[in-house]
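Thanks for coming. I will take a few minutes to walk through one structure, starting with its charged pairs and then moving to the core and the disulfides.

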Amino acid sequence: QVLLVASGGGSAQTGGSLRLSCTAPGFTSNRCGMDWYRQATGKEREWVSSINTDGSTSYADSVKGRFTIFKDKAKDTVYLQINNLKPEDTAMYSCKTTPVFRRFCSGPWGQGTQVTVSS
């Protein structure tokens with residue numbers, strides 16, 4: 001039953017930075033993790049990063065060293081700090097709670113936020 005709201009996207013130049021936010025009321029108390037995905041036009045959805053209940057994080061090889069995922073438990077918000085933007089980062093970014101077998105954490109995809117990076 002979690003409702004996902006992603007925000008913070010926009011247009012930026014190569015080398016710039018953006019911070020994306022994903023607000024999901026109740027996801028912390030319901031023991032949900034959070035994943036960030038992105039999908040570029042004409043391509044399949046790509047997993048970007050994850051943060052688990054214990055705070056452990058993981059990243060796709062394509063974003064390691066540039067992206068940082070972290071959360072504010074009090075605000076039930078997960079952030080994705082994106083530094084050193086590259087044109088290939090252009091995509092629609094979406095957040096999704098995990099695991100799917102936990103009822104509260106298995107809601108539908110929410111509306112994403114667009115990131116556009118100019119060369």
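Start with K64 and D61, whose side chains meet in a salt bridge at 3.7 Å, N to O. By salt bridge I mean a side-chain nitrogen of Lys or Arg within 4 Å of a carboxyl oxygen of Asp or Glu. K64 counts as exposed because its relative accessibility is 51%, and D61 is exposed too, at 68%. The cut-offs are these: buried is under 20% relative accessible area, exposed is over 50%, and partly exposed is in between, with a 1.4 Å probe and protein chains only.

A word on where this comes from: the model is predicted, local features need pLDDT of at least 70, side-chain atom pairs count only at pLDDT 80 or more, and totals for chains, interfaces and linings use all residues. Residues are numbered from 1 along each chain as its sequence is written, and side-chain values use heavy atoms, with hydrogens and water left out.

How many salt bridges does a search of the whole structure find? The search finds four. One of them joins R38 to D89, with the closest N and O atoms 2.9 Å apart. That pair links distant parts of the chain, since R38 is in strand β4 and D89 is in the loop between β8 and β9, 51 residues apart. Strands here are DSSP runs of E, at least two residues, and helices are runs of H or I, at least four, numbered from the N terminus. Another salt bridge is between D89 and R66, at 2.8 Å, N to O. R66 sits in the loop between β6 (57-59) and β7, 23 residues from D89.

Are these residues buried or exposed? R38 is buried, with a relative accessible area of 6%. D89 counts as buried at 0%, and R66 counts as buried at 8%. R38, E46, R66 and D89 are linked in a network of salt bridges.

R38 also has a polar contact of 2.9 Å with Y93, side chain to side chain. A polar contact is a pair of N or O atoms within 3.5 Å; within protein, one must be able to donate a hydrogen and the other to accept it, and residues adjacent in sequence count only if both atoms are side-chain atoms.

Y93 brings us to the core. The largest nonpolar core has 30 residues, and M34, W36, F67, L80 and Y93 touch the most other members. Such a core is a set of buried Ala, Val, Leu, Ile, Met, Phe, Trp, Tyr and Cys residues joined through side-chain atoms within 4.5 Å. Beyond its neighbours within four places in sequence, L80 is in contact (heavy atoms within 4.5 Å) with residues including W36, V48, F67 and Y93.

Last, the disulfides, meaning pairs of cysteine sulfur atoms within 2.5 Å. The structure holds two. C22 and C95 form one, with sulfur atoms 2.1 Å apart. C22 is in strand β3 and C95 in strand β9, 73 residues apart. The torsion about their S-S bond is about 80°, so this disulfide is right-handed. C22 is buried at 0%, and C95 is buried at 2%.

C32 and C105 form a disulfide with sulfur atoms 2.0 Å apart. This link is left-handed, with -85° about the S-S bond. C32 lies in the loop between β3 and β4 and C105 in the loop between β9 and β10, so the pair ties together parts that are 73 residues apart in sequence. Both C32 and C105 are buried.
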